[in-house]
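Hi,

Here is the structure I said I would pass on.

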Amino acid sequence: MALTRRKLAGFSALTLASFVASQAATPARAEWHPFATSATKSKGFSNWLSDITLTGLIDGGIMANPARPTDGYNYGNFFADHANQAQLNQVVLTMQKANTGDAGEYQIGFTLQGIYGSDARYYHLVGISDQEWSSRYQLIPAQAHVDVHLPWATDGGLDMQVGILQAPMGVEVMDPTGRPFYTLAYTSEYSVPFEHVGAMFNWHVNKTVDVTFGIDTGNQVTFGTADNNSRPAGYFGINLNNLLGGKLKIVELSRVGPENNSILMGPYVANQAERFWNDINATLQVNDRLSVTAEFNFLHDQGLKTHDTVNGPFKAADAFSVVTFLSYVVSPSVTFNYRGEIYRDNNNAMVATFMGNNSYMNAISGHGASNLYPGPGGHGTTYGELTLGFNYHPDLGKGVRVFALRPEIRFDRSLNNTHPFNGGRNNGMFTFGGDAMIGF
């Protein structure tokens, strides 16, 4: 196993370039159906098996920092945290049976997804994979859930997912094919959850309204001693679809429940102090080429800054942000993307750089030292972030499901003159780079 890990760790984004070149000239199959037979039109279990798909994806990139920070980290950045170092972000294998049948029928499907790479360090579940790896490149079960469609109550019915779930809140997602940039906004890193063990429900009330609700063990924790407190958390929200003739969609999702750690905060604070996550975003398809998205997020934790581990009193911390996105289709193979963000860390309790391969998960679990470079001292920092980039995504054919090159430039700045960047030397940071991906 040690030899295998060393070999995989050596496969960086630089190696990815040669892999992409070879795959572009080699026939591949998109969405392979491993259980398909010649009797694909048959009914029953054989037909259900024939719809199972297997897909793969490789993604890697680099963000250069001309300031060459002494600690080697791009402050406040997860996926491209190591400055001036190429890295293999994700090797993904996904087996899925999607529920795409008639809404009036009972359906059952599933999703199984494993991810290996540097991104996995931030998406572990305590008690499942968080203590299995110590290198930069790690392995996680990113998704493992049963998907059920129930034709109940309304024409659209009810969708249910149970198991290991990726958190539904926010605009940007872990899947690089589902977001416009290699890097993430502060909001997507510090003010939305990542992974859950639990159940999520989506009730399709009508063509305009979907209601979302769910319950889970907490953000990136599981059960028993693998939970950082003894209380569950849950979601509730609403989607408004097909507004303005199908051009506008609005998604509101809220979440409440304790998320603090019993080891660090004490059982009373960890179990009683609630964290309130709230995110609302709206996407407008202006025309065939231009779409714009606006996101507002507010997070309030009743006990994040509490150090009395007996019975409080609670000392709250909060953060709020606004993120705007713009996407313009230049040509069938080129898309221009913009992201602008203002993120207020009101108590300097949210934004930090987790130095060390297990540092982020140690902070959640409370097991082991969490080596981090914290945010500035004082009463809070307002971060501004502007990212510009192009997505070059030609259709290679030959079974290649996705191919993309995504160069970007990014400007980060403290808007109230604190100095969190480049090892505490600067109030701003300039980075440039991007990623490359290919998938079958």
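This is a predicted model: local features need pLDDT of at least 70, side-chain atom pairs count only at pLDDT 80 or more; totals for chains, interfaces and linings use all residues.

Let's start with the second largest pocket, which holds about 900 Å³ of space. It has 30 lining residues, and the ones closest to its centre are Arg 275, Leu 304, Ala 349, Phe 354 and Ala 363. If you want to find your way around the lining, look for the elements that give two or more residues to it: helices H4 (186-190), H5 (262-265) and H7 (359-365), plus strands S10 (275-285), S14 (352-354) and S15 (372-374). H7 has the largest share, with three residues. What sort of residues make up this lining, by class? The count is 18 nonpolar, eight polar and four charged.

**The nonpolar patch**

Next, turn to the surface. Leu 386, Ile 409, Phe 411, Phe 430 and Phe 432 make up a nonpolar patch there, and together they have about 390 Å² of accessible area. Two strands, S17 (402-414) and S18 (428-439), supply at least two of the patch residues each. Phe 411 belongs to S17. Its relative accessible area is 38%, so Phe 411 falls in the partly exposed class, between the 20% and 50% cut-offs.

**Two residues with positive phi**

Asn 84 isn't a glycine, yet its phi is positive, near 60°. You'll find Asn 84 in the loop that runs between strand S1 (53-64) and strand S2 (87-97). With a relative accessible area of 31%, Asn 84 is partly exposed.

The other one is Ala 153, again not a glycine, with a positive phi of about 70°. Ala 153 sits in the loop between strand S4 (138-150) and strand S5 (158-166). Is Ala 153 buried or exposed? Its relative accessibility is 79%, and because anything over 50% is called exposed, Ala 153 counts as exposed.

**Arg 136**

Last, a look at Arg 136, in the loop between strand S3 (107-117) and S4. Its relative accessible area is 19%, and the cut-off for buried is under 20%, so Arg 136 counts as buried. Arg 136 and Asn 89 are 47 residues apart along the chain, and their C-alpha atoms are separated by 9.8 Å.

That's the lot from me.

Cheers

Definitions and conventions: Residues are numbered from 1 along each chain as its sequence is written. Side-chain values use heavy atoms; hydrogens and water are left out. On a 1 Å grid over the protein atoms alone, a cavity is a set of points where a 1.4 Å probe fits but cannot get out, and a pocket is an open set with protein on both sides within 12 Å along at least five of seven lines; lining residues have an atom within 4 Å of a point. Grid points are joined across faces, edges and corners, and a volume is the space filled by probe spheres set on the points. Helices (H or I, at least four residues) and strands (E, at least two) are DSSP runs, numbered from the N terminus. Ala, Val, Leu, Ile, Met, Phe, Trp, Tyr, Cys and Pro count as nonpolar, Asp, Glu, Lys and Arg as charged, and the others, Gly among them, as polar. Patches are made of residues with over 30% relative accessible area and no salt bridge: like charges are joined within 9 Å, nonpolar side chains (Val, Leu, Ile, Met, Phe, Trp, Tyr) within 5 Å. Accessible areas come from the Shrake-Rupley method with a 1.4 Å probe; for residues, only the protein chains shown count as cover. A salt bridge is a side-chain nitrogen of Lys or Arg within 4 Å of a carboxyl oxygen of Asp or Glu. Buried means under 20% relative accessible area, exposed over 50%, partly exposed in between (1.4 Å probe, protein chains only).
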